[in-house]
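Here is a short note for someone opening this entry for the first time.

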Amino acid sequence: MLSRFGIKNNIMVSSMIDIIAGARPNFMKIAPIICAIKKHQAGGGHIGYRLVHTGQHYDSRMSDDFFSQLGIPQPDMNLGAGSGTQATQTAAIMTGYEQLLLKDPSKLCLVVGDVNSTMACAIVAQKLCIPVAHVEGGIRSGDWTMPEEINRMVTDAITNYFFTTSEVANQNLTNSGVGKERIFFVGNTMIDTLLENFNNLRPPSFWNRLCLKYKQYFVATLHRPANVDSCTDFTRLLNELGVAARGLPIIFPVHPRTKKNIRKINGLHENIFLVKPQPYLEFNYLVKHAKAVITDSGGVTEEATVMGIPCLTLRDTTERPETVTIGTNELIGTNPDNLHPAMANLFDGHWKKGSIPEKWDGKAGQRIVKILSGMI
Ligand code: UD1
C-alpha cells in the first residue's frame, strides 16, 4: 500500500494524488496524464500518483487490452465494483473508495469523464475533504435521461479544479457560477492518446478475411439505452442502417450491454458484421480508414473529428458541440428514418470536411501536470 508521502518506483514523492479510472472511455484519458507525471518525476518533480481502478469494467476486452496497448501501469488498487444497476454500481464504488481513503488518504482525487466511477469517487473524496479535479469538466448535453449527464452535473457541483476541453465547457462552468481561477482550459487528453498512437494503429485480425478496403466500409458502435434497449426499435435501426449502406460492409464491435439484444434479432442485415469489442489500436485503425462512423458514443465523435472522418451520431443531443460546429460530426437523432438522407449526403460527397478544435494538440496531459505541480 502506498502512503501519502513515500517512494514509488524508486522515486521519492511528496504529494500523492489518486487517479481514478473505471470504464473503457476512462483509460485513454488517464494514459497521457500518467505519462506526463512520469516525465515530471524524472525531472525531479514531487507529484506521485496512486492508480485506482474501480472495476466498473472488468472484461479483458473492455479493460486489460487498453492497459497493455496504452502502456498504462497496473492499478495500485482495484475496487472490484463490477456491474449492477446505477445505484448498486455507484454504491459499490463509493464503499470501496471510502475504505481506501479512510485507511490511506491522498492529496487530491483526479477523476476523468462522466462514468459512474467519476461521480462516485468525487463524492467520496469531497466528503472526506480531499479536493477533486475533474478532467473533461464542464461539458453538458442537457439530456437528463442519460446517466452520464447526471454524473457530469453532480461531479462538477463538487469539483475544485476543472480541466476543460473546450471554450463551451468553460462557458458552461462560468454560467453556473464557477470562478475563472478554478477553470483550466488544457485541451483533450483523449486526443493526446490518439495522436501518440496514431502511427501504431493496426488492422484487426479480420481485416483480410472480410476483404475490407480503405473508405469502402462503415464502423458502427451503439450501446445507449435509447438505441439498443428496445429490441423492436433496435431491429428496425439495424435494418435501415444495412439498407442505407448501399452494399458496403458495416463493422459493428458489440458492447456488452448491446450483446443481449442483438442476439435476439432474427435475420440481421447481410452487410452487418458483428465483432467483439476491439482493442484501442485496432478500433481506431478501423475508424481512420472507414468511409464514415455511425455511433452513439461521445468519445468516438472526437476521435473521428481529429481524423477527419465523417461521423453520424444517433443521438438527439451532444455534450461535445464542437465536434458538430467545428468537426466532422452530425447529430442524426435516434429516429432510423433520418439515416437515409444523411447517408445519401455522404455518398454524394457532400459531407463537411471539418477542422480540429483549439488545443486538441496532444499536450493536454502535460498542461494538467504542470498546473497540478503548482497547486499541490
Ligand atoms: C459505461 C458508461 C458509459 C460509457 C460506457 C462505455 C456509465 C453511466 N456509463 O456504460 O458512459 O460510454 O461504459 O463502455 O458509467 N459489462 C460486461 N463487461 C464489462 C463491463 C460491463 O459484460 O467489462 C456489462 C455489464 O454486466 C452490464 C453492461 O455491460 O450488463 C453495462 O455495463 P456498465 O459499466 O454498467 O455501463 P455501460 O453501459 O458499459
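**Notes on the ligand site and a helix pair**

1. Start with Lys-260. A side-chain N or O atom of Lys-260 sits 2.7 Å from an oxygen atom of the ligand, a polar contact (a pair of N or O atoms within 3.5 Å). The protein buries 86% of the 750 Å² that the ligand exposes when taken alone (accessible areas by the Shrake-Rupley method, 1.4 Å probe).

2. This is a predicted model: local features need pLDDT of at least 70, side-chain atom pairs count only at pLDDT 80 or more, and totals for chains, interfaces and linings use all residues. Residues are numbered from 1 along each chain as its sequence is written, and side-chain values use heavy atoms, with hydrogens and water left out.

3. His-223 uses a polar side-chain atom, at 3.0 Å. Tyr-58 uses a backbone N or O atom, at 2.9 Å.

4. Helices are DSSP runs (H or I, at least four residues), numbered from the N terminus.

5. Now the helix pair. The axes (lines fitted to C-alpha atoms over the stretch in contact, with angles from 0 to 180 degrees between N-to-C directions) of helix 1 and helix 2 (residues 60-70) come within 9 Å and cross at roughly 15 degrees. The two helices are therefore roughly parallel to each other (angles under 35 degrees).

Methods. Polar contact = N/O pair within 3.5 Å; in protein donor to acceptor, adjacent residues only side chain to side chain. Parallel < 35°, antiparallel > 145°, perpendicular 65-115°, else oblique.
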